[in-house]
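Trainee: I have a model open and would like to go through it with you. Where do we start?

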Amino acid sequence: RPVLLKATRLVAADVAPFALPIGAVGSSAAARLAREVSLSCALGADFVVRSLGWAAVPPSAELYHVLEYLPGGDLGEVLERSGPFGAAAARFYLGCAALGLEHLHAHAVAHRDVKPENIVVGADGYAKLVDLGFAINLGDVGGRAHTLLGTPEYLAPEVFLAEGHGIEADMWALGAMLYWQKLCIDHPTLWDQNLFKDTLKIGG
């Protein structure tokens with residue numbers, strides 16, 4: 001069965017608390033979701049979630065973004081259940097994410113929110129990138145994006161420093177995910193509680 005997506009929230013098809021009210025069409029949230037649907041429809045692949053488009057579920061006046069069903073949960077959930085992966089499993093899941101990014105980057109699209117919660121495991125055990133809500137076609141912005149957005153733990157220095165960023169920031173996030181999220185190790189050794197100190201550590 002399909003999974004319903006609003007922004008970054010995944011819910012089962014029979015539970016729908018995170019829908020977009022039809023009355024919100026035209027809002028910035030609707031514009032972001034429309035961009036995500038467009039990119040997902042165009043770029044769905046073996047390692048990027050496939051979109052089935054929009055759906056309305058009567059009798060509620062809400063719109064949904066319907067995606068292929070990925071029942072294995074996201075890597076954040078898997079880590080909570082099982083703890084750090086061994087080297088082989090970490091290499092496998094990061095390889096899946098890297099192949100997804102390779103596909104996006106080949107179309108000049110930067111994901112811009114790579115993190116464990118946005119890598120979801122399918123029934124076949126392979127993982128796919130999800131949530132293209134922050135994704136951007138770099139061809140539309142002169143090859144570099146300048147918006148400060150994403151999840152702080154995974155942001156590349158050039159994003160923090162507002163220097164403009166491209167697809168390289170996704171690869172930084174992939175490495176940061178391996179490090180910060182303890183895919184292979186028992187504790188992060190650089191990240192601490194003070195975001196600003198960490199920004200200076202990374203940027204300096």
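This is a predicted model: local features need pLDDT of at least 70, side-chain atom pairs count only at pLDDT 80 or more; totals for chains, interfaces and linings use all residues.

Trainee: How many helices and strands does the protein have?

Mentor: The protein has 6 helices and 9 strands. Helices (H or I, at least four residues) and strands (E, at least two) are DSSP runs, numbered from the N terminus.

Trainee: What share of the residues is buried?

Mentor: Of the 204 residues, 43% count as buried. Buried means under 20% relative accessible area, exposed over 50%, and partly exposed in between, with a 1.4 Å probe and protein chains only.

Trainee: And contacts along the chain?

Mentor: Take contacts (heavy atoms within 4.5 Å). Among those between residues at least 6 apart in sequence, 58% join residues at least 24 apart.

Trainee: Let's move to α2. Which of its residues are buried?

Mentor: Helix α2 spans residues 75-82, and Leu75, Gly76, Val78 and Leu79 are buried there. They lie on the same side of α2, because they cover an arc of only 160 degrees around the axis. That arc is taken from the directions from the helix axis to the C-beta atoms.

Trainee: What covers them, and what sits on the other face?

Mentor: The cover of the buried residues includes α3 (87-106) and β7 (119-121). The face turned away from the buried side carries the exposed residues Glu80 and Arg81.

Trainee: How does α2 begin and end?

Mentor: At the N-terminal end, Asp74 is the cap, with a side-chain oxygen 2.8 Å from the backbone nitrogen of Gly76. After α2 comes Gly83, which has a positive phi, near 80 degrees.

Trainee: Now the cores. Which residues touch the most other members of the largest one?

Mentor: Phe85, Leu104, Ile119 and Leu174 do, in a nonpolar core of 28 residues. Such a core is a set of buried Ala, Val, Leu, Ile, Met, Phe, Trp, Tyr and Cys residues joined through side-chain atoms within 4.5 Å.

Trainee: Which element gives the most to this core?

Mentor: α3 does, with 7 residues. A second, separate core has 5 residues, among them Val49, Leu70, Val120 and Val130.

Trainee: Is Lys128 buried or exposed?

Mentor: Lys128 counts as buried, because its relative accessibility is 9%. Lys128 belongs to strand β8, and its side chain reaches the backbone oxygen of Ala45 at 3.2 Å. Leaving out residues up to four places away in sequence, Lys128 touches several others, including Phe47, Glu68, Leu70 and Asn118.

Trainee: And Met177, where is that?

Mentor: Met177 is in helix α5 and is buried, with a relative accessible area of 0%. Its C-alpha atom is separated by 9.0 Å from that of Leu94, 83 residues apart along the chain.

Trainee: Last topic, cysteines. How many disulfides turn up in a search of the whole structure?

Mentor: The search finds 0 disulfides, a disulfide being a pair of cysteine sulfur atoms within 2.5 Å. Cys96 counts as buried at 3% relative accessibility, and Cys41 counts as partly exposed at 46%.

Definitions and conventions. Residues are numbered from 1 along each chain as its sequence is written. Side-chain values use heavy atoms; hydrogens and water are left out. A polar contact is a pair of N or O atoms within 3.5 Å; within protein, one must be able to donate a hydrogen and the other to accept it, and residues adjacent in sequence count only if both atoms are side-chain atoms.
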